[in-house]
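User: Can you take me through this model and show where the labels come from?

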Amino acid sequence: REVINPGVDIETFKSTKKKKFVLFLGRFAKQKGVDDVVAVAKELPNVKFVMCGWGEEEKRLREMSPKNIEFVDGNNNKEKVVELYSKAPVCFFPSEAETFGLVVIEAMASGAAIVSTIDLPYNGFKVKSGDIKTMKEKIEYLITHPDKAAAMGKANVQLAKNYTWDNSADNFIQTYYSLLKKKHSRA
């Protein structure tokens, strides 16, 4: 059994001068951990959170969110998404379940430190879904230590280079030929 990761057009994503906020980007759905984002924002009232996305939970989220959460429509607005990624020093992705986590790779390519439940290699902090206390501590650490977040973000830019479409295609071709070779050696 082989798993081939998808690719990301990492040339699209750039790191610019970072602002002081935490970015969540994705579909506003419970399985994406949006309630965890709101809970952590409530625990960190002096930290700005930007939730960029769309989805079935948006109305409920807007009604229950504290004032330190700004909502941005991310549906069909690639330029805004790329701009937010480029300015975010910390990206927060507390998904309960994820097939791969393209948003993490995009955030890495944009030079952000990552706080996430997604099991990918990144610089930042892996947290457990629903562990609000640890999520709060890790985000607070990165926001109050911008030099550490910047160093993690810089390292993430390098790691993201492993997830290009060219690398994905090369892995697919190598796997295909390897499987063909195995099949012919059994024949």
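This is a predicted model: local features need pLDDT of at least 70, side-chain atom pairs count only at pLDDT 80 or more; totals for chains, interfaces and linings use all residues.

User: Why is S110 called buried?

Analyst: Buried means under 20% relative accessible area, exposed over 50%, partly exposed in between (1.4 Å probe, protein chains only). S110 has 0%, so it's buried.

User: What makes the F24 and F28 pair stacked?

Analyst: Rings of Phe, Tyr and Trp (its six-membered ring) pair if their centres lie within 6.5 Å; planes under 30 degrees apart count as stacked, over 60 as edge-to-face and the rest as tilted. The F24 and F28 centres are 6.3 Å apart with planes at 25°, so the pair is stacked.

User: And what is the pair of F28 and F71 called, and why?

Analyst: Their centres sit 5.8 Å apart and their planes are at 85°, so that one is edge-to-face. F24, F28 and F71 form one aromatic cluster.

User: How do you know whether F71 is buried or exposed?

Analyst: F71 comes in at 16% relative accessibility, so it counts as buried. F28 is buried too, at 0%.

Note on methods
Residues are numbered from 1 along each chain as its sequence is written. Side-chain values use heavy atoms; hydrogens and water are left out.
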